[in-house]
Every structure is written in structure tokens, then in C-alpha cells.
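Subject: Structure handover

Hello,

Here is the structure for your files. My notes come after it.

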Amino acid sequence: MGLTDQTALHDADEVACTVHPAVLFSIVDHYSRRDEEQNRVIGTLLGMVDDDKKVTVCSCFPVPHTETEEQVAVNTDFHATMLQLHQRVFPKQQVVGWYSTGEEVNDSSILFHDFYGQGVERPVHLLLDLGLGETRMSCKAYVSTQLKLGATVLGTSFSDIKCTVVSAESDRIGMEALMKTANSGGQLAGSTAASPMAEVDSMELTVKKLLRT
């Protein structure tokens, strides 16, 4: 009782996120090229935010990170360099949040979210569960909410927001072309033994399922 900021929770209900399919494929490709010891990958989301708090995610890029029991770190120099290069080509796109693969938000997610919150007023966290385990594949979006007791901040929680994947015919054709290219090349260049084509095929089917929802 009295532990949550009800105004912040109400604001979260007003935020919505639209994701272009190419973003999902980029995340899948990033995961397939991950180092063998990595359980998940993270990266930066870019797009636009309109006056009605509607976030459109148009593109993304991967960001190297370290995540162990002893340390959580983001390669900030890489992030800054990639952002600068990206905005030379797409000057209207800005950082709108970050992505990660996995089944759920964990303690490390809060630290990553805080990093993106330094430059974004209300960063969106896009969580892509590739459905490689027993769970069904899903794509969810969150914004953070501070948990308070009076004026004291007790912690941070993540609130679900509406997340829609663009599914125009042109997007479907582009995604299918990219997937056929990946399938025809055998094992992806730079991939490790931990990411065989069988795993990539599974993830591609996952993206197709998203496009049909």
C-alpha cells in the first residue's frame, strides 16, 4: 500500500511502441553471432517519438556488453561511435531505448535501462524471447517505473506497454528475402559453434510468427 507511483503507472498506459520487422531480424542476427559464453545480447533502438507518446522503432544496432555475477558493463564508446555514424545517414532518428533477448527482465536489465535513461527521457526496453526453450516466442516492450514509499525511492519496476509489429506487405517481402539469404549461405559468417543454422532457422520462424500476429 502506497509503494508505487500511481501517476507513473498511468503514464505507462499511455505509451505505445511500434516495431519495424527489420529490427527483429537484426536482433535475431545479432543473437546468432553472439560469443559462445553469452546468454543474451543487447543493443540500441533508434526511431522517433511523437507528441502522443507513440514510439516508432525503425532500426537498431548491437552493443557489446559484459554480464557476469561480478560485473555488468556496456561498451559506451562503441555505442557513441555507432550512434554518430547512424545519425549521419538517418539524422531524424534518435535513441528511443534498448533491446535484449531473453525470457524475462532481470536485475542486470535495470542497470542497462539506467544507462539508456541518461540520454532518453523515457527509454523503451524491447524484450525479444526467441522461444528456444519451452516458452513460446514473444516480443514485449516496457518502460520503467520507480517504486516509492512516500518520497523515498525503493527500487525500479518495469511496466508493460502496448507493442505492435508493423506487418505491411512490403515489410513481409523484405523479411522473407533476408531470411532466404541467410538460409542459402549455410552457417552465418562469424557465427560460433553455439549458433548452428538449426538454431537460426528456429529464430527465423519466430520472426515470421511475430509478423502474423
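This is a predicted model: local features need pLDDT of at least 70, side-chain atom pairs count only at pLDDT 80 or more; totals for chains, interfaces and linings use all residues.

Residues are numbered from 1 along each chain as its sequence is written, and side-chain values use heavy atoms, with hydrogens and water left out.

**Helix H2**

Helices (H or I, at least four residues) and strands (E, at least two) are DSSP runs, numbered from the N terminus. H2 covers residues 21-32. The expected span of a helix is 1.5 Å times one less than its number of residues.

Burial uses relative accessible area: buried is under 20%, exposed is over 50%, and partly exposed is in between (1.4 Å probe, protein chains only). In H2, 9 of the 12 residues are buried, so the helix is largely enclosed by the rest of the structure. Among them are Pro21, Val23, Leu24, Phe25 and His30.

Asp29 also lies in H2. Asp29 counts as partly exposed, because its relative accessibility is 24%. The C-alpha atoms of Asp29 and Pro62 are separated by 9.8 Å, and the two residues are 33 residues apart along the chain.

**Salt bridges**

Side chains of opposite charge can pair when their charged atoms come close. A salt bridge here is a side-chain nitrogen of Lys or Arg within 4 Å of a carboxyl oxygen of Asp or Glu. The structure holds 2 of them.

- Asp29 pairs with Arg33, with the closest N and O atoms 3.0 Å apart. Arg33 is partly exposed, because its relative accessibility is 36%.
- Glu67 pairs with Arg40, and here the closest N and O atoms are 3.0 Å apart. This pair links distant parts of the chain, 27 residues apart: Glu67 is in strand E4 (residues 65-67), and Arg40 is in the loop between H2 and strand E2 (42-49). Glu67 is partly exposed at 28% relative accessibility. Arg40 is buried at 7%.

**Ser109**

What does Ser109 touch? Contact means heavy atoms within 4.5 Å. Not counting residues up to four places away in sequence, Ser109 touches Arg40, Trp98 and Phe158. Ser109 sits in helix H4 (residues 107-117). Ser109 is buried, because its relative accessible area is 0%.

Best regards
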